[in-house]
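I opened a notebook on this structure to record what I looked up, entry by entry.

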Amino acid sequence: MAMNLHDQVAAAFAQDGWLSRAEPHFRPRAGQTAMAMAVAQTIEVGGVLVVEAGTGVGKTFSYLVPSLLSGKRVVISTATKALQDQLYLRDLPRLVQALGLPLRIARLKGRSSYLCLHRMGQVHQSKVALDPQVLRAVARVQDWSHGTRTGDLGELPGLAESSTVAALVTSTKDNCVGSSCAHWEQCHVNTARAQALEADICVVNHHLFFADMEVRDSGVAQLLPTAGVVVIDEAHQLNETGIQFAGWVLGTRQLQGFIKDALADVTLHARGLADWMQLLGQLEQAINEWRAVGAASPPGTRLRWLGAAPETLSEAAWRRGLHGVGQSLRALLMALAQVAETAHAVIPLYERGARLLSQLASFAQPVPDDAVRWLEVQRQHLRLMESPLSIARLMREHMGQAQEEEALPDPQKAWIFTSATLGDDEDLRWFTETCGLRNAQVLRVESPFDYQHQAVLYVPEDFPEPAQQAAHSAAVAQLAGDGAQALGGRTLVLTTTLKALDAIGAQLQQRFGMFEPIDVLVQGQGPKHALMERFRAGVVNGRGCVLVASSTFWEGVDIPGDALQLVVIDKLPFPPPDDPLVEARSRQLEVVGRSPFGDYMLPEAAMALKQGAGRLIRRETDRGILVVADTRLRTKGYGKRLVQALPPMRRIGTVAAWQAALQALATGEAVANPACGDADERGAASQDGA
């Protein structure tokens, strides 16, 4: 008699199950098994499961094993292309081989990840002289193109996604020539999409996940509807990614780029069929007049939308400029439409212009109640931005009846959302509310790491206030430098602002010059992958390493072992109050009688702090010190909530205890030994102040 999914999963994760036979390092973990059983149950009955799985639980196997055994079509979405590659190249093949199941696996990325043979061929036909170094890099791509099966540029060593060369040899929805392309049959994008639609398991990333939901550019509208299991890994990034995707961005740079491409296309395909120079000249003049309306504000200014125009700008002048661009663009589109019957090659250009006109028209309408709109003034350009306040509506629309208040779970589909950080309360509301997951089953699985013995949390008792920016950054640099000196490097400094990043990085580089045995790496002074490779290498030729970083380094950085033993967070990562999205969300909460600080700012800070702290302990044998150089964690009433969001480390506060913990790390002793501390438990923050 065949076992049901529940029994198969239980057998797989048992002490002598097939996972222990297939994976030499596998050992049963209660948390991992509990998560796997919950995933199996959700797959069997349908519905939505949200799982916060602490670092070290092994959540990847917990959702992969039940999904693969289910016999259903599976779509897995994760945050980055690097995590996609890890699943596709390492985790899935190992498990599929161990299972002995004939499952087809595919990986699908956005079109900018794949070599475009048409665009590569056009490089040498360009009328613009290219730098010889760029031409040499293109030649490398051409040599590689003869042997690649996938066309995935991520397989070409040394080619950064943001490089000029990558932009030259990939396509966008605007410049893709479609089925008229001479390379249509060999198109790597088409091949990847076809494989994704035929696969039993398809791995995508969050950007492509939302593209498929909206069917804007993915070309795989069938992918999600045909899946029986949808897994969203690194789900804490889902709201931010969805907001970026669901929003609108329209800039004068885009419009001027359209003019440039239009001139090339009509000259080649529709010369003499209309007065193109006049039409394009009128559009360019209208753009310049419109841009001049916003040029009164200094570059870098963000202007909130008030009524029908950005704040501080003349509403009449703004609307007049917007109307002028719209009229000129419409006149150009009418001319393109008239010649399209005889000059078919201009049809993609017309469609691109129509999208721009539609976006322009949307910015002439009132701001939706659940969105925020603002204007960014740049040195030579304007950027109009509109963003929803959350993805709740978008997710409810596309997840169907499983999200209706009274609906029963859909037995045909299971949605699994998981991450190491999804909330600081039992209901995980930080995540479920922003994603509109009303009826989700929630499970929290604690990390198996022994934080009480593996790490300590140091919150200095006497330290400059974060508001004293210069003094605070100097003190953070001094503290981090002392720690790095004692440990021979092994230090990661995470900052909340780029200003602090520059200040702390400069002071540490000044302290550890070329004659000191420590290298100081600073984000922005080299490619991220190169910085990470050097940091992971630890001590090289007698030189240790310190990395000062911000933004993306707060999460997704995995450095197990002795290469990282000290993480210093400069201050509590509250959202910037002057950010348009933050302001709008705060006002929205105030309208319904909720606290912007308690219901938004504080949970956001707790999640970011939890992410940053998660860089320290990555394995059962890791040891280290987490420093939060912000006295508000001690003195403010909300400090207790933030401390409770962190892993349960012993807490210290005196300089003597800090030095003792450093000494213990440096000599290989137990860092959390009571002799190294001045507190026997995590310690509550003072309730004085708010």
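I first noted how pairing is defined: two strands pair if DSSP finds at least two bridges between them. Helices (H or I, at least four residues) and strands (E, at least two) are DSSP runs, numbered from the N terminus.

Ground rules. The model is predicted, so I kept in mind that local features need pLDDT of at least 70 and side-chain atom pairs count only at pLDDT 80 or more, while totals for chains, interfaces and linings use all residues. Residues are numbered from 1 along each chain as its sequence is written, and side-chain values use heavy atoms, with hydrogens and water left out.

Entry one, the antiparallel sheet. I looked up strand β7 (residues 302-306) and found two bridges joining it to β8, the two running antiparallel. Across this pair, L306 stands opposite A309 of β8. I then traced the whole open sheet: five strands in the order β6-β10-β9-β7-β8, with antiparallel pairing. The edges are β6 (248-251) and β8 (309-310); each has a single partner strand, so one side of each is left without a neighbour in the sheet.

Entry two, helices on that sheet. I found helix α15 (residues 347-363) lying across β6, β7, β9 (371-377) and β10 (382-388), at about 105° to β6. Helix α22 (residues 580-591) also packs on the sheet, where it touches β7, β9 and β10, and its direction makes about 155° with that of β9. Contact here means heavy atoms within 4.5 Å. Axes are lines fitted to C-alpha atoms, for helices over the stretch in contact, and angles run from 0 to 180 degrees between N-to-C directions.

I asked which strands pair with β16 in parallel. V493 has V548 as its bridge partner in β16, and L521 stands opposite L547. I also noted that β15, helix α21 (residues 528-536) and β16 make a right-handed β-α-β unit (with the strands pointing away from the viewer, the path from the first strand over the helix to the second runs clockwise).

I next asked why β16 is largely enclosed. Six of the six residues of β16 (residues 544-549) are buried, so the rest of the structure largely encloses the strand. Buried means under 20% relative accessible area, exposed over 50%, partly exposed in between (1.4 Å probe, protein chains only). G544, V546 and V548 point one way, and C545, L547 and A549 the other.

I placed T432 in helix α17 (residues 429-432). T432 counts as buried, at 9% relative accessibility. Leaving out residues up to four places away in sequence, T432 touches V50, D427, L437 and V442.
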